[in-house]
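The sequence and structure come first.

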Amino acid sequence: MNVVTVSTQPFTGQKPGTSGLRKKVKVFAQPGYLENFVQSIFDSLSGQEGKTLVLGGDGRYLNDTAIQTILRMAAAAGFGKVLIGQGGILSTPAASAVIRKHAAFGGIILSASHNSGGPDGDFGIKYNLANGGPANESFTEAVYRRTQSIGAYRYVDAPDVDLGALGVAAVGEMTVQVIDPVADHADLLETLFDFERIAALLARPGFRMCFDAMHAVTGPYAREILERRLGAPAGTVVNGVPLPDFGGGHPDPNPVYAAELVAALADPRSGLSFGAASDGDGDRNMIVGRDFIVSPSDSLAVLAANHHCAPAYAGGLAGVARSMPTSCAVDRVARFLDIPCFETPTGWKFFGSLLDAGKVTLCGEESAGTGSDHVREKDGLWAVLFWLNILAARQESVAGIVREHWRKFGRNVYSRHDYEGIETARADKLFAELRGKLPGLAGTEISGMRIELADDFAYTDPVDGSRSEKQGIRVLLQGGSRVVFRLSGTGTEGATLRVYLERYVADAALHEVPAQEALAPLADLAEKIANIAGITGRNAPDVIS
Ligand code: VG1
Ligand code: CO
């Protein structure tokens, strides 16, 4: 085996964020940039010799060349085998499923998720552990430390592997097996839900659905599951061919970037009763009913409350978990079901230990991510199937189910306001000033609202005891309302400020008040506390979801 060692210099800034390392394609395309990071991952592992690595990505620009580089480096690192999705494709939840099913040592997923793609877009890479979940903070810290001292990377001198067809090849002494990227994941999902009942719903006259794959990775998965296995009519999946630049779109399933789907569901002439979309790497979901967008936080609560509709969860839930900024709607369901509810920092890596320990069955985030203990990633198609299973079992509309949920539990009116591409220095100033104010906020009254608690969220993992500080500033108000401030850890340009607004409304007569209207006083309070306009120069958010 011809191992080539290349000496290299560290690059600054190779620090993984909320979900792996994400940078502009132009940054990743610098000679040695990807290699340094991959070698730093491999240098942080031990015991991988002869073991299996799973590899795949969301098909974005640079995936194909990065995959060949990683294959050569994995061979030099001593891996015995790589399982790779045909065409280099694996959605994030599918990669998790493959790692678990084949008892792999770990996996590398190439994706920048909901970030745009193409030569001017973003690229990303993350490492998943043997449980199928994103590496925890102690591992990503070790990788970051390694990137700062790395002096060489190694690869096996071997030709590219043909990823176009299923089969087995070799890179040096390492076996490369090109697998069907969809089969394992689809098979797993089929064991969780009542496919017969869902198929009957999809065949019912008057029920029509549309799944928008946004030219990202879920196209092949949605076609196989919805159209082939469940018999939905051809054309149910739109924008189903993964493209390196996502067709120029932004593969983020929210009301702004999936506006066409939302408009179709609002138009009675479309005949659509259910719409769904997923993101770049297939782990997020958007659920839309007829003229009704389900807020992701509500979606988590509705799934928890209706767990009995899906065969896999009918026996009960061990517990639920949500990220801190996610609305407290699911907490109310947990209280009703008398099961524990955990509050974690943002990012799926924090759910892993709870899932592994059997403490939770469902988890979710306000950013359109929901999942369960079937894998260790959030799973877009899983959420869509769960909703279809509930619709099939209850024979009610999406809006009807959510409204009834509100009547029973009250409504946690919720919205996230994003201010994108802020100058980093200004964002830092905003947080420094906000942190400075925290000790004096509790007990004060602003715009007629009384602040009960104001702190910088810190988390101690109840399973492994690890501690994570500075996970977002939360201001809790009397009556269950909240304002949360965080800086995004997935952006690649400047800083993105996220302001999360939540207000609990028990009175059913007020449930139909539009969210932005109901939350206006909280937006006003956020402005007063954080001086957003004054410091950033922005008078309105770029994206409201
Ligand atoms: C965002 C979301 C977070 C999610 C993360 C990764 O992070 O807010 O909830 O876990 O993206 O999702 P941030 O740090 O930008 O707020 V994905 O689908 O991009 O892997
Ligand atoms: Co994603």
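How do the residues of the lining of the second largest cavity divide into nonpolar, polar and charged? They divide into ten nonpolar, five polar and two charged (Ala, Val, Leu, Ile, Met, Phe, Trp, Tyr, Cys and Pro count as nonpolar, Asp, Glu, Lys and Arg as charged, and the others, Gly among them, as polar). The model is predicted: local features need pLDDT of at least 70, side-chain atom pairs count only at pLDDT 80 or more, and totals for chains, interfaces and linings use all residues. Residues are numbered from 1 along each chain as its sequence is written, and side-chain values use heavy atoms, without hydrogens and water.

**Cavities**
- The whole structure has four cavities of 30 Å³ or more (on a 1 Å grid over the protein atoms alone, sets of points where a 1.4 Å probe fits but cannot get out; lining residues have an atom within 4 Å of a point).
- The largest cavity has a volume of about 250 Å³, and T18, R284, E365, K378 and T490 are the closest to its centre among 26 lining residues.
- The lining of the largest cavity has three nonpolar, ten polar and 13 charged residues.
- The second largest cavity, of about 130 Å³, is lined by 17 residues, with G20, K126, Y127, A135 and T140 the closest to its centre.

**Pockets**
- The largest pocket has a volume of about 1000 Å³ (a pocket is an open set with protein on both sides within 12 Å along at least five of seven lines).
- G17, T18, L487, S488 and G489 lie nearest the centre of the largest pocket, which 35 residues line.
- Helix 15 gives the largest share of that lining, four residues (helices are DSSP runs of H or I, at least four residues, and strands of E, at least two, numbered from the N terminus).
- The second largest pocket holds about 720 Å³, and strand 19 supplies the largest share of its lining, six residues.

**Helix packing**
- Helix 10 (residues 296-305) and helix 14 (residues 398-409) pack at about 80°, with axes 11 Å apart, and are therefore roughly perpendicular (65 to 115 degrees).
- D298, A301, V302 and A305 in helix 10 meet I401, V402, H405, W406 and F409 in helix 14 (heavy atoms within 4.5 Å).

**Salt bridge**
- R154 forms a salt bridge with D43, the closest N and O atoms being 3.8 Å apart (side-chain nitrogen of Lys or Arg within 4 Å of a carboxyl oxygen of Asp or Glu).
- R154 is in strand 7 and D43 in helix 2, 111 residues apart.

Methods
Chains lettered and ligands numbered in written order. Axes fitted to C-alpha atoms, helices over the stretch in contact; angles between N-to-C directions. Parallel < 35°, antiparallel > 145°, perpendicular 65-115°, else oblique. Points joined across faces, edges and corners; volume = space filled by probe spheres on them.
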